[in-house]
Amino acid sequence: MNFIIEAVVRAIKELYQTDIAAKDVNLQETRKEFEGQVTLVTFPYTKLSRKGPEQTGTEIGEYLKANVGEIAAYNVIKGFLNISIANSYWLGQLNNNILRDDFAVIPSNGKRVMVEYSSPNTNKPLHLGHVRNNLLGFSLAQILTAAGYDVVKANLVNDRGIHICKSMLAWREFGNGETPESSGLKGDHLAGKYYVWFDKAYKQQITELIEEGQTEEEAKKNAPLIKEAQRMLQQWEAGDSEVMNLWNTMNGWVYEGFDATYKTMGVSFDKYYYESNTYLLGKDIVEEGLEKGVFFKKEDSSVWIDLTEDGLDQKLVLRADGTSVYITQDLGTAQLKYDDYQMDESIYVVGNEQDYHFKVLFLILQKLGKSWAQGLYHLSYGMVDLPSGKMKSREGTVVDADDLMSDMFETAKQQTEAAGKVDGFGEDEKDKLYHTIGMGALKYFLLKVDPKKRLLFDPNESVDFQGHTGPFIQYTHARIKSVLSRAGYNAAATHTQAELDAIERDLIVWLTKFPDTITEAATSHSPAIIANYVYELAKTYNKFYHEKSIMQAESESLKQFRLMLSAASAKVISKAMNLLGIEVPERM
RNA sequence: GGUCCCAUAGCUCAGCUGGAUAGAGCAACAGAUUUCUAAUCUGUCGGUCUCAGGUUCGAAUCCUGAUGGGAUCACCA
């Protein structure tokens, strides 16, 4: 649309002897009820023309029509100049742009970006909140790759700490040597079982201590179980061989479980970081900060930074005993990541409950003068809520990721069989289809909403398969593929069509927007933009499909043209869904 | 209490840097298949864009305040 913007700039200069910048020309989509594809709002130019909006619009429209070949017609309604672009332009877009192999292939921008996501704790299985995190992170990585970045997907595994010791301790005390093999439980679920077990027994002890007259605070500190867990953590830090063995064994089980979940979800990583390797990092940065005078030491020799001038508080960065806190290791890990990859941008996919933490973290790194600090970005996404409120793992109100996904496959199976869609499918093919559709429904459901917003999930109301959903879009793709194979479509055939109906033109208009949509999604870090785009595209195609017969087109050349348009639509739908991490079936 | 985020149809959500009569899906109702997959399409119903001010030719969008909801303010991670 740049040629229109430039033409408007020229029109204003010719008509009103005023120079305006291209960025001040505001073009928008023409509303459906009016003729045209793009609309110029003329109110801003009435000052220059010293005429009413209608007359100004007419003058500009007249200029455009006379001087720009691609502009076929215009109409003016109040302050709106609706511009109709010639069919030849849209056909040119189809032939010379959309149908090319390199359509929507954005060249490398030479920049490297790291996307850190997932970052699970190894004491319990993944739940719905993690699912949103994983899908967002993976999709964002896909989008950034498509937008020309060199992307590194990183997973920072929280594999140590008191919470890990809790499940280890509970297993040692109550587990009777249970293993994934002996119990038939997935490794991560096995660890989670003992984590819950610990919490229950711990609460029991607290209650008892309170009955014996201790305050709740005292009881929480004095319960034998928590003391034992703390002792285990010390043993771990000292490298005690028995504890290390137990730790290695249980984490090994958990990783096997996670790998299976990741595989089902279809996400992957280029680089794993483990907190057991990074938790001691950051102390040299604390040293650096003290030297630079960014940090200061209190009498007890704990180290702090004063952020009150930035509207934040004082923040501890190192304990008096010289041990790290959360932010210490995050400072160190940030440096480590940069040393490893020298990336231009680094994105942390982490829930919005940590907004404050990341604000502080990034600010500290800026104050330390890290050149790369301005490339840090916290993709802060909203929590997933149930109708009953927030999910709480200890209270058992979480929606387990593995359970959820297998529920989705089951629902997909039922729906597909009910629709009688799998005649002539082999068993393997059926299973693959149920997986594709089930994951498509779930992923689309979670990705279509703006990441920033919190998301409501009702486990009792199964995810829809009709309307604004993943399966709707998948179905559109399968249907196109069916027509193409039925027609024996030959992609190499060339064709020029002279006439265009409105729906065909609309479809081309939507296809044309794909590259800009990728860029927009990348800059705003939002898969939702892709999700909403591909839905509109599929909807437009379905309308076209109903209005126009392809096989029974009025002429052979028209048939070939519609096949081309269909093939292009299928390709863009498939690519866009791929950016969301969603597969599209050839038939369903 | 301080700080931050959110509020659009009964429900779930779109609405780009301010622009036309605020859009989809679900739910409800009425239709469409002798023809390419009806997981589709068409139509009807449904709104004081939480409220009150302000800026502007023009505000769901920007500013201020209020109300309601959420998060956070740990020498937890």
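Visitor: Which residue stands opposite Gln314 in S10?

Guide: In this predicted model, the residue that stands opposite Gln314 of S10 is Asp306. Asp306 belongs to strand S9, residues 303-306, and S9 pairs with S10 in the antiparallel sense over four bridges.

Visitor: What is the strand order in that sheet?

Guide: The order is S8-S9-S10, an open sheet of three strands with antiparallel pairing.

Visitor: And which strands stand at the edges?

Guide: Those are S8 (296-297) and S10 (314-318), and because each has a single partner strand, one side of each is left without a neighbour in the sheet.

Visitor: Which helix packs on the sheet?

Guide: Helix H13, residues 283-292, packs on it and touches S8, S9 and S10, while the direction of H13 makes about 125° with that of S10.

Visitor: Switching to S11 now, how many bridges join it to S12?

Guide: Six bridges join S11 (residues 345-351) to S12, and the two strands run parallel; within that pairing, Val349 has Leu379 in S12 as its bridge partner. Together with helix H15, residues 355-367, S11 and S12 make a right-handed β-α-β unit.

Visitor: Is S12 largely enclosed or open, and why?

Guide: Strand S12 (residues 376-381) is largely enclosed by the rest of the structure, because five of its six residues are buried.

Visitor: Last topic: what does UniProt list for residues 120-130?

Guide: The unreviewed UniProt entry lists residues 120-130 as a short sequence motif, the 'HIGH' region. In the model, the chain over residues 120-130 is 27% helix and 0% strand, with the end C-alpha atoms 8 Å apart.

How values were computed:
Residues numbered from 1 in each chain as written. Chains lettered and ligands numbered in written order. Predicted model: local features only at pLDDT ≥ 70, side-chain atom pairs only at ≥ 80, totals over all residues. Heavy atoms only, no water. Pairing = 2+ DSSP bridges. Contact = heavy atoms within 4.5 Å. Axes fitted to C-alpha atoms, helices over the stretch in contact; angles between N-to-C directions. Buried < 20%, exposed > 50% of the residue type's maximum accessible area, 1.4 Å probe, protein only. Right-handed = clockwise from strand over helix to strand, strands pointing away. UniProt positions renumbered as here; feature names shortened; annotations may be inferred.
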